[in-house]
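Here are my notes on the model you passed along, as numbered points. Have the coordinates open while you read.

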Protein chains: 2
Amino acid sequence: MLQPGATIGILGGGQLGRMMAIAAAGYGLKACVYCPDAGSPAFEVAASHIQAAWDDEAALADFCARVDVITYEFENIPAATVAFLMARKPLAPGLKALETSQDRLAEKTFVASLGVGVAPFARVDGVADLEAALEKLGRPAILKTRRFGYDGKGQVRINDGDSAAAAFAAIGQAPAILEGFVPFDREISVISARSATGEFAAFDVCENVHRHHILDVTTVPAAVPGPLRQKAVAAARAIADALEYVGVLTVEMFVLADGETLLVNETAPRVHNSGHWTIEGARTSQFQQHVRAVCGWPLGDTSRLGRATMTNLIGDDIDAWRAILAEPGASLHLYGKAEARPGRKMGHVTRILPE
Amino acid sequence: MLQPGATIGILGGGQLGRMMAIAAAGYGLKACVYCPDAGSPAFEVAASHIQAAWDDEAALADFCARVDVITYEFENIPAATVAFLMARKPLAPGLKALETSQDRLAEKTFVASLGVGVAPFARVDGVADLEAALEKLGRPAILKTRRFGYDGKGQVRINDGDSAAAAFAAIGQAPAILEGFVPFDREISVISARSATGEFAAFDVCENVHRHHILDVTTVPAAVPGPLRQKAVAAARAIADALEYVGVLTVEMFVLADGETLLVNETAPRVHNSGHWTIEGARTSQFQQHVRAVCGWPLGDTSRLGRATMTNLIGDDIDAWRAILAEPGASLHLYGKAEARPGRKMGHVTRILPE
């Protein structure tokens, strides 16, 4: 159990690391942020930071010397970096969660092994695999790289008549999986936390709408029946327990048109964009909850404080900042990014409405 | 009107500056904190900081070069420092508010000139003044230094039989005022904000209980009748307007036993301990509100989200941190101070209850 005044090391300096560092500060902790990118948003709110490459062992050793525990804002940390760090300081969430989430094939196989539904999938290491998989799963289907995909990157949809070879080329001929197309009705996510003692707490189920493969709006509670919500939380808990998970875990799921079937789409071993509403909308935010779990502290109260919507401000959306500031009840969050590039998450706005 | 990405300069690096810097970061602003004290709590959450003396003109010039607007977490900034800074960058709240609040005599005279009640007072520059004032105001009475008093420091109570000379010696023979003893029923405070355009917004009136001259518990709303609350807010507004105030203003008042009479005890041109409950208890926190006003942005929604209590964690009170973390609905705030000295504000806990 960490004491106030301890230092939490955060790998990755984007907005998730930034909001995590702010939550840590609220609890009297220091944050040290490690990120290769100059001007990382999280640097600005951390007691210290290290700007260095993932393979810079001197910098990594310095980082380890400064921190009491290590966590991360994104799961694609190189394996060698993880191994170097874990030999020196506790890392949470742990290796099992990281390895599982870094590889879509491992992730799907693992989730399915728990008896939790996933979209039909097949391993694809080449065009022949892909043709066989298309035969089996039908079209349309989605070809996804096993590693390093996010926000729709590293994936391509294969429709009737599309060439398997062209699709495989489009994802850079990387090791991949093919996923059967799922005619889903809604996308939901469960943001939950598990502590080292096995304590588990979930926020209310979120419903997510994407635009151009990027999260656009999250609404809480999700408009799905109570039993389905319970099933979704139970699936998240089964995953967290099986991973001996410590920290905040995000599980994205599809709800099929029958209103009963849940399929896990993706797990993320971290705080998540669809959980940003918890800053104003829950007694404990996902960032505070993550800090609590990682420090070995009791988990916080996940009670919701109203109906919540969280809308991302992507690229030029940030131009509305003045209007949002003037809107009663709207909570504006900006991430301090200098340049509003298309597709870049610049901030978000949360609105809490009475039940 | 400042743009997101601008830098707000904060004079003073304690917990108020720390929470102000965190609020600024939430709006995508950078904070630069100036404070003479090594290891200042606000340094840890600011994009940059300068640790230098108040009369270090090279450091002050560097500070001015880094920031777009200057504000402060405490009012006792030396006049020469203020003059140096104001010649280079906008300062909010402005000089009138600073000068008034730095001198208890000027403050009382100013407030009384607005037709707002204050305790009876008299100027004391020596023992002869003090004896005359005691004759006029009676005993008990409170002798207070005109400058640099806070948390009960720089003041002494004079009871029947006490020596005027001894009392004047006890406050270091500094220029002072004598205040007539006020048999008050309750202490309340109004945290309000005014923008450069004259926009004004107040949070609900707070009721404060002190222990050893330090704020112990704030409860909101104050248990005083509606008309009295309106009168308190009107007094705060009159003061803010007369000062052409920009930022969050705190006005502490006594409610006399008749339940009708309000006397202003003190004004503070800044965010205030009795406003910490707004972080969880209002749509906009006092820190966000202050940042908005100082940046020339529209003021935020001050709606309250429930009944609130805020309890300070002073000195060893911080030892309860684990129990507070485990208490459902309690929001723990720690300020990152290394050493829990007696009387030192280490953190606070806010509890929001249904109306």
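**Notes on the two-chain model**

1. Let me start with a charge over a ring: Arg88(B) lies over the face of Phe84(B), 3.6 Å from the ring centre. Chain A has its counterpart, with Arg88(A) over the face of Phe84(A), at 3.6 Å from the ring centre. The criterion is NZ of Lys or CZ of Arg within 6 Å of the ring centre and within 35 degrees of the ring normal.

2. Some housekeeping. This is a predicted model, where local features need pLDDT of at least 70 and side-chain atom pairs count only at pLDDT 80 or more, while totals for chains, interfaces and linings use all residues. Residues are numbered from 1 along each chain as its sequence is written, chains are lettered from A and ligands numbered from 1 in the order in which they are written, and side-chain values use heavy atoms, with hydrogens and water left out.

3. On symmetry: chain B superposes on chain A by a rotation of 180° with 0.0 Å of shift along the axis, at an RMSD of 0.0 Å (least squares on the C-alpha atoms of residues with pLDDT of at least 70 in both copies). That is how a two-fold axis relates its copies. The same surface serves both copies, as 100% of the contact residues of chain B recur in chain A. Of chain B's residues, Val45(B) comes closest to the rotation axis, its C-alpha being at 2.1 Å.

4. Ala25(A) belongs to helix 1 (residues 15-26) of chain A; helices here are DSSP runs of H or I with at least four residues, strands are E runs of at least two, and both are numbered from the N terminus. Leaving aside neighbours within four places in sequence, Ala25(A) is in contact (heavy atoms within 4.5 Å) with Arg18(B), Ile22(B), Val45(B) and Leu334(B). Ala25(A) is buried, at 3% relative accessible area. The cut-offs: buried is under 20%, exposed over 50%, partly exposed in between, with a 1.4 Å probe and protein chains only.

5. Leu334(B) takes us to strand 16 (residues 330-334) of chain B. How many of the strand's five residues are buried? Five of the five, so strand 16 is largely enclosed by the rest of the structure. Both faces are covered: Ala330(B), Leu332(B) and Leu334(B) are buried on one side, Ser331(B) and His333(B) on the other. Strand 16 runs antiparallel to strand 17 (residues 345-353) of chain B, and five bridges join them (pairing takes at least two DSSP bridges). Leu334(B) stands opposite Gly347(B) in strand 17.

6. Now the aromatics: 14 pairs over all chains. Rings of Phe, Tyr and Trp (its six-membered ring) pair with centres within 6.5 Å; planes under 30 degrees apart are stacked, over 60 edge-to-face, the rest tilted. One of the pairs, Trp54(A) and Phe74(A), is tilted, with 5.7 Å between centres and 40° between planes. Trp54(A) is buried at 17% relative accessible area, whereas Phe74(A), at 25%, counts as partly exposed. In chain B, Tyr34(B) and Trp54(B) are stacked, 5.5 Å centre to centre and 25° between planes. Tyr34(B) is buried at 0% relative accessible area, and Trp54(B) is buried at 17%.

7. Finally, look at the cluster in chain A: Tyr34(A), Trp54(A), Phe63(A) and Phe74(A) form one aromatic cluster.
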